[in-house]
Amino acid sequence: MDKIQEIKDRLKNLKSLPTLPPIVSRLNEMVEDEDVTAVSLGKVIEKDQVLTSKLLRMVNSSFFGFPQRISTVSNAIVLLGFNVIKTLIVTSSIFDVMQSSDIGLWEHSLGCAAFSGIMAARRNIKNPEEVSTASLIHDIGKVVIRSEFPEYYAKIVEDVERRGVFMREAEEEVLGVQHGEIGGWLADEWNLPERLSIPIRFHHYPEKAGEFVEIASIIHISDIVIRAWGYGFGGDKWVPPLSHAAWEQIKFGKAEGREIMEELDLRLSELKNFTMEF
Amino acid sequence: MARISVVAPQILRTPSERLPIEAFGHKLIVHGNVQNAIESILNDPPECLLIQKGLQDGIDKTVITALKEDLKLSFLPIILAVQEKDIMSGIDFSRYPVDEIVCINAHPEEILTRIELSLSRSHRVADNNPLTGLPGNTSILKTIQGYIEQETERAVCYVDIDNFKPLNDKYGFSRGDEVIRMTARVIVNVVSEEAKSEGFVGHVGGDDFVFSVPVPAAESICKRILESFDALITLFLNPDDAERGYFESVDRQGRPQRFPLTSLSIAVVPCTKGRFNHYGEVSLVAAQLKKKVKAIEGSSYFIDRREDAEKA
Amino acid sequence: MQVIPIRAAKEGMELAKGAVTEDGKVLCGEGTTLTMAVISRLEKSGVGAITVKGHPVRLPGEKGLKERIKDLEERFLKVKDDPVERALMRLIAEYWVESYSA
């Protein structure tokens, strides 16, 4: 069968994407606590790309009446309520075997979300939380490849290590499609809003993101900056090529760049309170 | 002809056991993996759920409670598959708020009959509002009268959606209905999280709701409800209306008219011991308060403090 | 100076910058010497990270400045011909050098 068709079919019947065991066990501990609130659960959920995507899927499929679909964790939490969120946590599946690259990708996603949040606020984007969310889940396609197509994934990882190519190039060669596209398909399949699915799809080609070019550009630059910083692991060790169209959207000079670095350093250190446990 | 999710490893295991039910036109969705089952139930709810008691890690209890407390799914009939000894020793139905039970070694035909009964019963629940699934006027009245008679102190809060009509007129009633369902969800979620079993939410009808919570918690609950409502209502507005900050329409004479955007107001009547003798008195005070709170622009709440003056 | 997660804070460290909550409220000014009481107050107020004087902490997996810069340059190998990418690399390198020397 055609690989692209195979992937699309799999996405249709995708039952469950695995989460990192430490996050799930932390959340499980939290729900045992009588006084825990939905809001504090949300604060942990929004640190995980898989749980965040699942939460958004749930709220968007059970609540079709919204003219605009739900794109942020905080709105999803209010609508779903404590009990449903608790169920999501208690029933979430985890990776059978956790690899260091899984944690690396998780940190990469968190770092990108942090940088994107900073830039969204600085560029006065209406809903900065939405940009962070899109950035958090921009590599969800990689999780799909990793958990649903382990053989292809192994081949991709081998290509990256042996030939020193970008993971994206290896994906194109092995699957005929790259993770951005796969993530976009999944987001569509799960009824996530276009403000998330389009930037996910085009985070390597932000100029193609149409009306969401600004969000896609921020994610694109966040990918570059976070990899440059060496925070987490995005699948290969290289800083990816820059889209100059994206840079034009959100560019910053030396003075602002310095401030951004300072803010980013602080945000990334804050995340370590969370990631250092694992 | 219903879609029935089966999360019961010890029941309907073979095609021949499933046949009588499927032959009746029902579609059985049999889940091998509990985790996947729950996700798929929440994402794409069936019309009936058959779940086995005593699943690993108490997942059965978690799922049943979550479904029953979810507004949209509270109507979903749940049949609990139990061991024979459970039937003999009794089941704590406050911890298992299910609609029907069936023994795991029952004949497929019996299971079919139980399913049919549950489906038919779910179609004739009386008082609940069909749009939100919340208890209606009879239950509201009983609940509040109960507080008065048992001298339970509660803040009874009357919720109104302000400028709901312009939204309905402009976007159509189906979007209006969704605003009502969103409001119901917000109220239920905040009340059940903060007041737990001491809270109550009812739907009077249209854009009117009533909820009650312990008096000391009332203020923070009102604040959270209003905040959440304001954050979500913008998702229902067309971007141009949201940006402009008001609705524009034309009256019968063709003159342009402006209406403020949709917001929420809550009138809070603290029912302290001995203050009221009858539900009618509570709603009378509420009606006066409502006028005050509606006059405030945007989302707001107003707590009746007169009782303090009376005491002093 | 060094930015550290609040969990890595120890008594006796000195703030190189004011400690600020997520919503921008300043809790302790520059120059404050940390005590157990100060640290736990910062933690309770939701301060996630602070900037301290010197470079007192070596976090797990953290490398020295020289090595960090070398790794940084290596990561840019495939895109080093792009002037904007080079500028970004310099921005990060300069920020690191500055924080190590401050």
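The model is predicted: local features need pLDDT of at least 70, side-chain atom pairs count only at pLDDT 80 or more, and totals for chains, interfaces and linings use all residues. Residues are numbered from 1 along each chain as its sequence is written, chains are lettered from A and ligands numbered from 1 in the order in which they are written, and side-chain values use heavy atoms, with hydrogens and water left out.

Start in chain B. Five strands build an open sheet there, in the order β7-β8-β6-β11-β12, with mixed pairing. Strands are DSSP runs of E with at least two residues, helices are runs of H or I with at least four, and both are numbered from the N terminus. Two strands pair if DSSP finds at least two bridges between them. β7 (200-205) and β12 (300-303) of chain B stand at the edges; each has a single partner strand, so one side of each lacks a neighbour in the sheet. On average, neighbouring strands of this sheet are turned by 20° against each other, direction ignored.

Now look inside the sheet. Strands β6 (residues 154-162) and β8 (residues 208-213) of chain B run antiparallel and are joined by six bridges. B:Val156 has B:Ser212 in β8(B) as its bridge partner. Helix α8 (residues 173-195) of chain B lies across β6, β7, β8 and β11 (263-271) of chain B, at about 5° to β8(B). Such angles run from 0 to 180 degrees between N-to-C directions, with axes fitted to C-alpha atoms, for helices over the stretch in contact. Contact means heavy atoms within 4.5 Å.

Turn to chain C. Domain 1 covers 2-52 and domain 2 covers 65-101; these bounds come from an automatic or database domain assignment. Their C-alpha centres lie 28 Å apart. Strand β1 (residues 2-5) of chain C runs antiparallel to β4(C), joined by four bridges. C:Pro5 stands opposite C:Ala49 in β4(C).

Finally, chain C meets chain A. Here 31 residues of chain C are in contact with 32 residues of chain A. The buried area is about 2800 Å², and carbon and sulfur atoms give 64% of it. Buried area is the accessible area (1.4 Å probe) that two parts lose on being put together, summed over both. The rule finds four salt bridges across this interface. A salt bridge is a side-chain nitrogen of Lys or Arg within 4 Å of a carboxyl oxygen of Asp or Glu. The side chains of C:Lys17 and A:Glu262 meet in a salt bridge at 3.0 Å, N to O.
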